[in-house]
Amino acid sequence: VALYHLETKLSSFSTMATIPSHNLLTKNYHSSPSFKTTSSSEPSFIHLPEKRSRVAAKASLSRTNEASLSAVISRLERERQGLTDGGGEQWRTAEDFRRRDKKTEEERTLRDTWRKIQGEDDWAGLTDPMDPVLRSELIRYGEMAQACYDAFDFDPSSRYCGSSRFSRHEFFDSLGMKGSGYEVARYLYATSNINLPNFFSKSRWSKVWSKNANWMGYVAVSDDEAATRHRLGRRDIAIAWRGTVTRLEWIADLKDYLKPVYRNNLRCPDPAVKVESGFLDLYTDKDTSCKFSRFSAREQVLAEVKRLVERYGDDEDEEMSITVTGHSLGGALAILSAYDVAEMGLNRSRSGKVIPVTVLTYGGPRVGNVRFKERLKELGVKVMRVVNVHDVVPKSPGLFLNERAPHAVMKIAEGLPWCYCHVGEELALDHQNSPFLKSSVDPSNAHNLEALLHLLDGYHGKGERFVLSSGRDPALVNKASDFLKEHFMVPPFWRQDANKGMVRNSEGRWIQAERLRSEDHHSPDIHHHLSQLRLLPS
């Protein structure tokens, strides 16, 4: 009956399109029904067993333009998400079944090959053609970085501007990522007193949550659920750093000169190891008068990694990994913090077990010099950089003196404070290959993280046709941009907070709800861990 009503709705359109079987709805019975499809080169239709349904799922629809087809498919998808038969039984498309089976297969493969996916062999042979498990993991960690944007309060009219909109205990659930399999263990903050005015967000009001701090990301750890451990194949510590979603003015704020890391008290046996001074200051500076940034971002992340490794690292029944991710400037912090974790030896358990450290960045800039790259390699830190070839950020800093210059030139210039070098492996994507995106020259579109994740979903190898593989919604691209082609009818910059965070109190008045909770502050044991690391007086 439900199929009959749906067919009736479809027939009400004045012009229709031919829809293959994977867009027709099939009933998801509690005991899985057996079904078969026609084997033909023409679009096939699902035949349901007679005892389950006497309605033949057939539709013959005429061709129409792309806008009408998009409207039909969108309407089908919207109805599918809320349609039930009155008895609480859900409806799914045949494509849903295929995606479910594919996901199960990929998760089983991840469990067995996670070390290769984490870069054990520098991803040799996994990017061309594109390995589906690697693609899935790159998108998953990219979404962890995207979560930093989705949770961040950018609104200068909010007294909580510059903070996370959600408590860490409700972080993934609040963002619709309930099945992530991770729990946020610590929030990360940085002082906004350094010279990067176009990166930090501040409230216009005088009474604010903090005048000198910004929320920078989080440290999460995979949970104890059997399904998570089975899927990942190990315990994973994930560190996600916030970057810049659209504004690129922060690039001009960079001092653009290299600074030896030891000058900011980072452990390093080689004084020739240098990184961009602005990144180094952002990572190491603190404000002792502020309860959120009285410890530097460096101290916060090192203390939490140490605590988690001590808690889980010596479990004989479980392996462990450390994965650091970030977009834009967050990618620079990801590389710098991963280097620091490895240099401090925090990727070794008390029993001496070595924990692999992997960095996955998206649209990240250059961070340090050639010696920094070499030291990362010596420490065994694996880095994969996903970039859009039209993005200006990965080309900065070091516009002229970089890894692309002739070796002889780099040898002569290696001592200069403007001679940079990218680290790790690069996966270069091109937004002009996607039929969904405009041929935009807007630099903020080329730098957009959601667009990069869309490009990852459609990438199958060099010269291969762009085909979305996971069914990730292209509408996400326009969450904070105007990048999708007009005929998809997705409004630009569509993601908005309900009522700008205003809620009604018990008296019926509209107020900004209290947001910060004590569990989002620094934990009491941070002094203990930092003292053991000799970063604080004991």
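This is a predicted model: local features need pLDDT of at least 70, side-chain atom pairs count only at pLDDT 80 or more; totals for chains, interfaces and linings use all residues.
E304 is a buried residue, with a relative accessibility of 1%.

**Overall organisation**

**Salt bridges between separate parts of the chain**

- The structure holds 33 salt bridges.
- E304 forms one of them with R186, at an N to O distance of 2.9 Å. E304 belongs to helix α9 (residues 297–312) and R186 to strand β5 (residues 182–191), so this pair ties together parts that are 118 residues apart in sequence. R186 counts as buried because its relative accessibility is 4%.
- D314 and R350 form another salt bridge, in which the closest N and O atoms are 3.8 Å apart. D314 lies in the loop between α9 and β10 (320–327), while R350 lies in the loop between α10 (329–343) and β11 (357–362), so the pair connects parts 36 residues apart in sequence. D314 is partly exposed at 30% relative accessible area, and R350 is exposed at 64% relative accessibility.
- The side chains of R385 and E426 also meet in a salt bridge, at 3.1 Å from N to O. R385 is in strand β12 and E426 in strand β13 (residues 425–429), so parts 41 residues apart in sequence are tied together. R385 is buried at 6% relative accessibility, whereas E426, at 38%, is partly exposed.
- A network of salt bridges links E143, D150, R165, E450, R472, K479, R495 and D497.

- In soluble globular proteins, nonpolar side chains tend to be buried together.
- The largest nonpolar core comprises 57 residues, and L138, F171, Y218, Y362 and L456 have the most contacts inside it. Helix α4 (residues 132–151) gives the most to this core, contributing eleven residues.
- Beyond its neighbours within four places in sequence, L138 is in contact with several residues, including M130, L360, Y362, M384 and L456.
- A second, separate core has 52 residues, among them C268, V309, V341 and I355.

**A buried serine in a loop**

- S396 is located in the loop between β12 (382–388) and α12 (407–413).
- S396 counts as buried because its relative accessible area is 18%, which falls under the 20% cut-off.
- The side chain of S396 reaches the backbone oxygen of V392 at 3.3 Å.

Technical notes: Residues are numbered from 1 along each chain as its sequence is written. Side-chain values use heavy atoms; hydrogens and water are left out. A nonpolar core is a set of buried Ala, Val, Leu, Ile, Met, Phe, Trp, Tyr and Cys residues joined through side-chain atoms within 4.5 Å. Buried means under 20% relative accessible area, exposed over 50%, partly exposed in between (1.4 Å probe, protein chains only). Helices (H or I, at least four residues) and strands (E, at least two) are DSSP runs, numbered from the N terminus. Contact means heavy atoms within 4.5 Å. A polar contact is a pair of N or O atoms within 3.5 Å; within protein, one must be able to donate a hydrogen and the other to accept it, and residues adjacent in sequence count only if both atoms are side-chain atoms. A salt bridge is a side-chain nitrogen of Lys or Arg within 4 Å of a carboxyl oxygen of Asp or Glu.
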